Amino acid sequence: MSWSFETDSEFQEQLNWIDTFTREEIEPLDLVFRGPGDPWDPDSPAAKAMAPLRAIVKEKRLWACHLGPELGGEGYGQVKLGLMNEILGRSRFGPSVFGCQAPDSGNAEILAHFGTPLQKEKYLQPLLDGKIASCYSMTEPQAGSDPAEFTCVATRDGDEWVINGEKWFASHARFSEFLLVMVVTDTEVPIHKGASIILVEKGTPGMDILRNSAVGPYVEQGDGVHGYIRFTDCRVPADNLLGEEGGGFLVAQTRLGGGRVHHAMRSVGVLKRAMDMMCERVVSRTTKGGLLADKQLTQEKIADNYTQILQYRLHVLYTAWLIDKYKEYNREVRKEIAAIKAATPKVLQDCIYRAMQVHGSIGVSDETPFMTMWANIPELGMVDGPTEVHKVTVARTVLRDYQPAPGLFPTYHTPTERARAMEKYGHYLD
Ligand SMILES: Cc1cc2nc3c(=O)[nH]c(=O)nc-3n(C[C@H](O)[C@H](O)[C@H](O)COP(=O)(O)OP(=O)(O)OC[C@H]3O[C@@H](n4cnc5c(N)ncnc54)[C@H](O)[C@@H]3O)c2cc1C
């Protein structure tokens, strides 16, 4: 029997170092580099500022350390990554400095699993080294949640695939060296058997970015990082197929599962930061002759935040533990990933709102980080699939373990159960 909530002292020391390094060296980047692509774009001025920090992280053997040694990591797994991401999530730059940023880390994982030796040589190493950016493009303008509606097709012509169709919200497409594009390769079978992932290099003729959307109103229109892409007779070598023809969803599952957990881990970091700010404020600010901290309605907010954040955090770490245990995205793991994915926007909405509220006007101003945190919440209910779809997954998986009652009344019908209990123990009443 092993069941523990403790972090071993050696790793705790590393976490302490990561915490100080994040606060002192990484968080200041957020205040200087505010462009929407800065943490990911290798040509951004932020990349130069990150380079020495990345070198320190590599020297400390903490770079992409969730990946196995064959991918240049330390094989730390998901629980340790979860504990690290709770700290890195405080900053937009944290994951990029530690080599675990989305979508590149997920793309590296599928390239490693499914890539040909040539694809790995050309793209995997530079991606793992943080020298290039990558894009995963699945959503289409007319369809996101329901892949059955996808229409972007690739047809085989000799030694090439010819891609036609459109993609939408392809994050980082404009500065990515390559895109992993989900395309329909067989229209005669259900989409889960008829879709494939094809690697398209930057600058391939026939691939045009029509525009770049941003999240929120603060970015100049057109300066966003989410590409609306059109493919017109875009030809790529047949070898650019990633995995099996028709196996696109098998490949996608490998990255989307991990990606969803990592969003949740980073959200714990955001929540902890909001909680720290909230607590500092209420023990600092006085009103009506006393500290805010002494008002019972404030205490209720503190208690609710504490409890909700702890529950969410433990659920995220439990899910990470399950992934480490099973080493695959089986049914049990997928259920928990869907559950925490669905829980994420709600816990952020509740807890950041309370933390912001106790700050009064400064909380909603541009002089504290709350409004930035607040503006990021809705995208977490959408990215990697909307909350509703994940709730459906949770409910369906839970209900698979239940059978209908055999008769008219439920199996827990009290009169029936009591009659059975009386048969067993009733004689003691005589
Ligand atoms: C910041 C950000 C980054 C993204 N990055 C990428 C990327 O890099 N690559 C990529 O391919 N995609 C990306 N996406 C797209 C994302 O995957 C889609 O937005 C998501 O899958 C939903 O698709 P949709 O936007 O077409 O919404 P729709 O599918 O139109 O859904 C709209 C709404 O309909 C409701 N709904 C949908 N299905 C159901 C259902 N079964 N039951 C009940 N209600 C339902 C929900 O309320 C949902 O929010 C990104 C999105 C965001 C916001």
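In strand β3 (160–171), Glu160 is the bridge partner of Asp157. The strands β2 (residues 153–157) and β3 pair in the antiparallel sense over five bridges, where pairing requires that DSSP finds at least two bridges between two strands. Two residues lie between the strands of this hairpin, and Gly158 takes a positive phi near 60° there. Helices (H or I, at least four residues) and strands (E, at least two) are DSSP runs numbered from the N terminus. The model is predicted, so that local features need pLDDT of at least 70 and side-chain atom pairs count only at pLDDT 80 or more, while totals for chains, interfaces and linings use all residues. Residues are numbered from 1 along each chain as its sequence is written.

The chain is assigned domain 1 (9–115), domain 2 (134–242) and domain 3 (249–399), with bounds that come from an automatic or database domain assignment. The centres of domain 1 and domain 3, taken over C-alpha atoms, are separated by 20 Å. Contact joins 20 residues of domain 1 to 21 residues of domain 3; two residues are in contact if their C-beta atoms, placed from the backbone, lie within 7 Å. On the domain 1 side, two or more residues come from each of α3 (77–88) and α5 (104–114), and α3 gives the most, with nine residues. This side of domain 1 has nine nonpolar, eight polar and three charged residues. In these classes, Ala, Val, Leu, Ile, Met, Phe, Trp, Tyr, Cys and Pro count as nonpolar, Asp, Glu, Lys and Arg as charged, and the others, Gly among them, as polar.

Helix α3 also packs with helix α9 (residues 296–326), at an angle of about 150° and with the axes 6 Å apart. The two helices are therefore roughly antiparallel, a term for angles over 145 degrees. Axes are lines fitted to C-alpha atoms, for helices over the stretch in contact, and angles run from 0 to 180 degrees between N-to-C directions. From α3, Gly77, Gln78, Val79 and Gly82 meet Val316, Leu317, Ala320, Trp321, Ile323 and Asp324 of α9. Six nonpolar, three polar and one charged residues make up this contact.

The ligand is surrounded by 22 residues, of which the closest are Met138, Gly144, Ser145, Ser171 and Pro386; a residue is near a molecule if its C-beta atom, placed from the backbone, lies within 6 Å of it. Elements that give two or more residues to this shell are β1 (134–137), β3 and α14 (387–399). The shell divides into twelve nonpolar, seven polar and three charged residues. Domain 2 and domain 3 each supply at least three of the shell residues.

Technical notes
Angles under 35 degrees count as roughly parallel, over 145 as roughly antiparallel, 65 to 115 as roughly perpendicular and the rest as oblique.
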